[in-house]
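Open the model in your viewer and keep the sequence panel beside it. The tour goes stop by stop: select, look, move on.

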Amino acid sequence: MVDNSHILPLNADVGLEELTANAVAIGLPMNTKFRNTTLREVMLVKGPQGWAEFSPFPEYGPEESAAWLSAAIEAGWHGWPEPLRQHVRVNATVPAVAVEDVEAVLARFGRVSAVKVKVADPDVATDIARVKRVHELLPDAAIRIDANAGYTHQQALEVITALDFLTYAEQPVAGIQPLAELRADLRAAGSSVLIAADEAVRKATDPLAVAQAQAADLIVVKVQPLGGVRRALSIVEASGLDAVVSSALDSSVGIAAGVALAASLPKLDHACGLATAALFTTEPANPAFAVDGSLAVGPAPEPDPAMIQRLKLPAQRQAWWQTRLAQTHSVLAARA
């Protein structure tokens with residue numbers, strides 16, 4: 001039985017008026033469609049400790065968004081723990097692009113030692129060809145796939161078996177029990193490809209149920225969906241599983257929190273999915289571009305006021321984000 005009694009509570013100690021005093025919603029244009037969008041909307045919030053990000057995806061309601069607001073409060077009002085390392089290795093991310101576009105996407109990331117490839121779009125054959133193209137271009141790189149729970153059991157078995165060079169497969173199927181069944185079948189078939197849980201961790205009522213079900217070899221942790229750096233650390237510790245840190249398609253302000261989490265993990269064996277700044281055409285702050293395959297630990301970058309004005313969403317969307325912030329704050333306060 002996994003003990004979840006030491007998981008930290010969400011941060012809820014900042015009033016709505018203080019949050020909204022320095023909050024602005026912006027849109028980040030993307031180089032390639034990702035999560036079916038070409039414009040990533042985020043809200044930036046400034047607190048006494050610096051800039052923070054609140055950017056749950058548009059389809060998330062106040063209940064699911066509460067953890068994201070907790071992470072913003074931690075970043076802007078409390079800061080992060082002291083790091084255990086000063087640099088964090090990162091992977092390139094290849095969206096579900098056509099096979100002929102893989103090389104151009106990889107070129108944006110510079111030199112990397114690991115690549116995450118999005119799959120389950122549009123079909124299994126294209127997925128396999130896309131991943132094999134990455135392997136052909138970077139034969140020495142550690143390659144992992146991310147299906148965002150988009151495969152059936154049989155599709156996942158087919159893809160993972162065909163790509164036996166993979167380091168791990170991230171959330172190939174939906175749900176905890178299906179993940180456990182897939183992992184068991186892969187081991188029975190002699191596959192050594194690891195299974196990583198993402199959505200099964202951050203969307204479950206009990207984020208440790210994955211460990212209890214022996215459904216994964218490692219967990220993918222993201223700062224905003226788990227409620228902040230310290231809370232994510234407590235979840236990793238309680239799970240007893242290895243972890244890798246990934247972006248929730250954050251701006252470079254939010255990426256700084258991901259780097260802080262990765263830098264604070266006692267054990268970090270895998271390159272992290274935090275190099276997603278390369279997916280945006282522009283940002284309001286210095287982009288978190290990797291140097292020699294790594295990101296440096298540090299505070300969130302200071303946005304340029306002129307760039308914020310340039311990227312600021314129209315009045316109607318500003319109002320939508322302000323309403324969303326208020327509704328989410330209400331949920332978060334009620335949980336405290």
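Predicted model: local features only at pLDDT ≥ 70, side-chain atom pairs only at ≥ 80, totals over all residues.

Local features need pLDDT of at least 70, side-chain atom pairs count only at pLDDT 80 or more, totals for chains, interfaces and linings use all residues, and side-chain values use heavy atoms, with hydrogens and water left out.

**Stop 1: Gly27**

Select Gly27, in strand β1 (residues 23–34). Strands here are DSSP E runs of at least two residues, helices are H or I runs of at least four, and both are numbered from the N terminus. Gly27 has a relative accessible area of 5%, so it is buried. Buried means under 20% relative accessible area, exposed over 50%, and partly exposed in between, using a 1.4 Å probe and protein chains only. Now show its contacts, meaning heavy atoms within 4.5 Å. Leaving aside neighbours within four places in sequence, Gly27 is in contact with Leu39, Arg40, Glu41, Leu311 and Leu313.

**Stop 2: α2 and α13**

Select helix α2 (residues 62–78) and helix α13 (residues 315–335). Their axes come within 8 Å and cross at roughly 85 degrees. That makes α2 roughly perpendicular to α13. Axes are lines fitted to C-alpha atoms, for helices over the stretch in contact, with angles from 0 to 180 degrees between N-to-C directions. Under 35 degrees counts as roughly parallel, over 145 as roughly antiparallel, 65 to 115 as roughly perpendicular, and the rest as oblique.

Show the side chains at the contact. From α2 come Pro62, Glu63, Ser65, Ala66, Leu69, Ser70 and Ile73. They meet residues of α13 including Arg324, Leu325, Thr328 and Leu332. By class, the residues of this contact divide into seven nonpolar, five polar and three charged. Ala, Val, Leu, Ile, Met, Phe, Trp, Tyr, Cys and Pro count as nonpolar, Asp, Glu, Lys and Arg as charged, and the others, Gly among them, as polar.

**Stop 3: the loop between β6 and α4**

Go to Pro122, in the loop between β6 (114–118) and α4. Check the peptide bond from Asp121 to Pro122: it is cis, with omega near 0 degrees. Then pick Ala120, in the loop between β6 and α4. Phi of Ala120 is near 65 degrees, a positive value in a residue other than glycine. Ala120 has 29% relative accessibility, so it counts as partly exposed.

**Stop 4: Asn148**

Next, select Asn148, in the loop between β7 and α5. Asn148 has a positive phi of about 50 degrees, although it is not a glycine. Asn148 is partly exposed, with a relative accessible area of 31%.

**Stop 5: α5 and α6**

Select helix α5 (residues 153–162) and helix α6 (residues 176–188). Their axes come within 11 Å and cross at roughly 40 degrees. α5 and α6 are therefore oblique to each other. His153, Ala156, Leu157 and Ile160 in α5 meet Glu181, Leu182, Asp185 and Leu186 in α6. This contact has five nonpolar, one polar and two charged residues.

Which residues of α5 are buried? Color Ala156, Leu157, Val159 and Ile160. The buried residues of α5 pack against α4 (124–137), β7 (142–146), β8 (168–170), α6 and β9 (194–197).

**Stop 6: Gln224**

Select Gln224, in helix α9 (residues 223–226). Gln224 counts as buried, at 5% relative accessibility. Its side chain makes a polar contact with the side chain of Asp250 at 2.6 Å. A polar contact is a pair of N or O atoms within 3.5 Å; within protein, one must be able to donate a hydrogen and the other to accept it, and residues adjacent in sequence count only if both atoms are side-chain atoms. Not counting residues up to four places away in sequence, Gln224 touches several others, including Phe54, Trp68 and Ala71.

**Stop 7**

Select helix α10 (residues 229–239) and α11. They pack at an angle of about 40 degrees, with axes 10 Å apart. That makes α10 oblique to α11. Val229, Ala232 and Leu233 in α10 meet Ala257, Ala260, Leu261 and Ser264 in α11. The contact divides into six nonpolar, one polar and no charged residues.

Finish at Ala262, in helix α11 (residues 252–264). Ala262 counts as buried, at 0% relative accessibility. Its contacts include Arg85, Val88 and Cys272.

Notes: Residues numbered from 1 in each chain as written.
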